[in-house]
Amino acid sequence: MSIKQKKYHVFQRLGRAFKLNFLKLLRSPGGAKKVSLGFALGFGLEMLVISTASLIYILFVPIVRLAKGSLPASIIGNVIGKLTLLPVILLPFARTLGKAIFPMQVRIGHHTSFSFHQLMQGDFHSLVGLLHGGVHALIGMTIFGVILGIISYFIVHYFYEKEKANRLKRRRHKHEIRINKINENLI
């Protein structure tokens, strides 16, 4: 006899994954500050993945360890950052912000699209143009990562403390019920 598992559509699976990861985050050990810091670092570093071509993952674990944040919480923050698709949405704004902060102009040759064929023949003009745009995106995404990391720190800290208080309240209630049943049986 086989047991059929309930099938969920994509949005339900994403919602369930989000809720599961959030519950894991709230129940992870280390206290509110450690968990909040880990989540904020993971969420903030996710903003840099596209603009660094995923090279930020080389520094991911050392950054979290040096900051004394929770590694599981930072991984959950990173996953939630991926699920929100914020890095993709914010990329055009980050490039504009980067240009406003660091208005660097590169005028080497004519502006053409990037081509590996030209690069192999020794023409680095298109590579310079590509890196130029990447610098602006990196600057903007770093700023967005810092801002969103700080905001997420306070949000996660608040929810962590609230959930901790609710769990304690439920435990006390269950304990009171048990004591009342024992007292009723003794009388």
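In which helix is the place of Ile75? I looked it up and found Ile75 in helix α4.

**Entry 1: ground rules.** I am working from a predicted model, where local features need pLDDT of at least 70, side-chain atom pairs count only at pLDDT 80 or more, and totals for chains, interfaces and linings use all residues. Residues are numbered from 1 along each chain as its sequence is written, and side-chain values use heavy atoms, with hydrogens and water left out.

**Entry 2: confidence.** I read pLDDT as the predictor's confidence in each residue, from 0 to 100. The protein has a mean of 82, and 83% of its residues reach 70 or more. Confidence is highest in helix α3 (residues 56-66), at a mean of 93, and lowest in helix α6 (residues 116-120), at 67.

**Entry 3: overall layout.** I counted 7 helices and 0 strands; these are DSSP runs numbered from the N terminus, helices being H or I of at least four residues and strands E of at least two. Of the 187 residues, 28% are buried. Buried means under 20% relative accessible area, exposed over 50%, and partly exposed in between (1.4 Å probe, protein chains only). I took contact as heavy atoms within 4.5 Å. Among contacts between residues at least 6 apart in sequence, 75% join residues at least 24 apart.

**Entry 4: surface.** The accessible surface comes to about 13,300 Å², and 68% of that belongs to carbon and sulfur atoms. Areas come from the Shrake-Rupley method with a 1.4 Å probe; for residues, only the protein chains shown count as cover. I then went back to Ile75, which is partly exposed at a relative accessible area of 43%. Ile75 belongs to a nonpolar surface patch of about 620 Å², together with Val10, Phe11, Leu14, Phe18, Val79 and Leu83. The elements giving two or more residues to this patch are α1 (10-27) and α4 (71-84), and α1 gives the most, with 4. Patches take residues with over 30% relative accessible area and no salt bridge, joining like charges within 9 Å and nonpolar side chains (Val, Leu, Ile, Met, Phe, Trp, Tyr) within 5 Å. Phe18, in helix α1, is partly exposed at 38%. Its C-alpha is 8.8 Å from that of Val79, 61 residues away in sequence.

**Entry 5: salt bridges.** I found 2 in the whole structure, a salt bridge being a side-chain nitrogen of Lys or Arg within 4 Å of a carboxyl oxygen of Asp or Glu. Lys82 and Glu46 form one of them, at 2.9 Å from N to O. Lys82 lies in helix α4 and Glu46 in helix α2 (residues 31-46), so the pair ties together parts 36 residues apart in sequence. Glu46 is buried at 5%, whereas Lys82 is partly exposed at 38%. Glu163 bridges to Arg170, with the closest N and O atoms 3.4 Å apart.

**Entry 6: two buried residues.** Pro87 is buried, with a relative accessible area of 4%. Not counting residues up to four places away in sequence, Pro87 touches Glu46, Met47, Ile50, Gly81 and Met141. The C-alpha atoms of Pro87 and Glu46 are 7.2 Å apart.

I also checked His136 in helix α7 (residues 125-186); His136 is buried at 1% relative accessibility. The side chain of His136 reaches the backbone oxygen of Phe102 at 2.9 Å.

How values were computed:
A polar contact is a pair of N or O atoms within 3.5 Å; within protein, one must be able to donate a hydrogen and the other to accept it, and residues adjacent in sequence count only if both atoms are side-chain atoms.
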